[in-house]
Amino acid sequence: MTKLSVNINKIATLRNARGGNVPDLLQVAKDIQKFGGQGITIHPRPDERHIRYQDARDLKNVVYTEFNIEGNPQHNFIDLVLECKPEQVTLVPDAIGAITSSAGWDTIKHQAYLTEVIQ
């Protein structure tokens, strides 16, 4: 069965642009779940230009559906995932300065690296 997981990165981008906490990211996550969303997805980047690492920690306390954290498996990201223990982790091979992700992993070429990261 297909499930809807809503990526809330752009909500965080808007909040960050305005300063303060409007819109309230935690309330948005609660509302998405209340209205039938079956998951919350975030993609914290090293520069924290939208989702901040603290957002992931805070969301863990309000997300009762599937929590998916996606990102490039650098050390800080792996530490965050191990701390938050989401139901799903999506590994994304985006470059540090990339504006957005544009491709998936070449799993043959990066097999040894991905095997090590997953373990």
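## Gln 38 and its surroundings

Not counting residues up to four places away in sequence, Gln 38 touches Met 1, Thr 2, Lys 3, Leu 4, Thr 65 and Glu 66, where contact means heavy atoms within 4.5 Å. This is a predicted model, in which local features need pLDDT of at least 70 and side-chain atom pairs count only at pLDDT 80 or more, while totals for chains, interfaces and linings use all residues. Residues are numbered from 1 along each chain as its sequence is written, and side-chain values use heavy atoms, with hydrogens and water left out.

Gln 38 sits in the loop between helix 2 and strand 2; helices (H or I, at least four residues) and strands (E, at least two) are DSSP runs, numbered from the N terminus. With a relative accessible area of 31%, Gln 38 is partly exposed. On this scale, buried means under 20% relative accessible area, exposed over 50%, and partly exposed in between (1.4 Å probe, protein chains only). The side chain of Gln 38 reaches the backbone nitrogen of Leu 4 at 2.7 Å. Gln 88 is 50 residues apart from Gln 38 along the chain, and their C-alpha atoms are separated by 13 Å.

## Thr 41 in strand 2

Now to Thr 41, which has its place in strand 2. Thr 41 counts as buried, at 6% relative accessibility. Its side chain is joined to that of Ser 5 by a polar contact of 2.6 Å. A polar contact is a pair of N or O atoms within 3.5 Å; within protein, one must be able to donate a hydrogen and the other to accept it, and residues adjacent in sequence count only if both atoms are side-chain atoms.

Leaving aside neighbours within four places in sequence, Thr 41 is in contact with Ser 5, Val 6, Asn 7, Ile 8, Asn 9, Asn 68 and Glu 70.

The arc is that of the directions from the helix axis to the C-beta atoms.

Just after helix 1 comes Gly 19, with a positive phi of about 80 degrees.

In helix 4, the buried residues are Phe 77, Leu 80, Val 81 and Cys 84. They cover an arc of only 100 degrees around the axis, which puts them on the same side of helix 4. Their cover includes helix 3, strand 3 (66-71) and strand 4. The exposed residues His 75 and Leu 82 are on the face turned away from the buried side.

The largest pocket is lined by Phe 77, Ile 78, Val 81, Leu 82, Val 89, Leu 91, Val 117, Ile 118 and Gln 119. Helix 4 (75-84), strand 4 (88-91) and helix 5 (111-118) are the elements that give two or more residues to this lining, and the largest share, four residues, comes from helix 4. A pocket, on a 1 Å grid over the protein atoms alone, is an open set of points where a 1.4 Å probe fits, with protein on both sides within 12 Å along at least five of seven lines; lining residues have an atom within 4 Å of a point.
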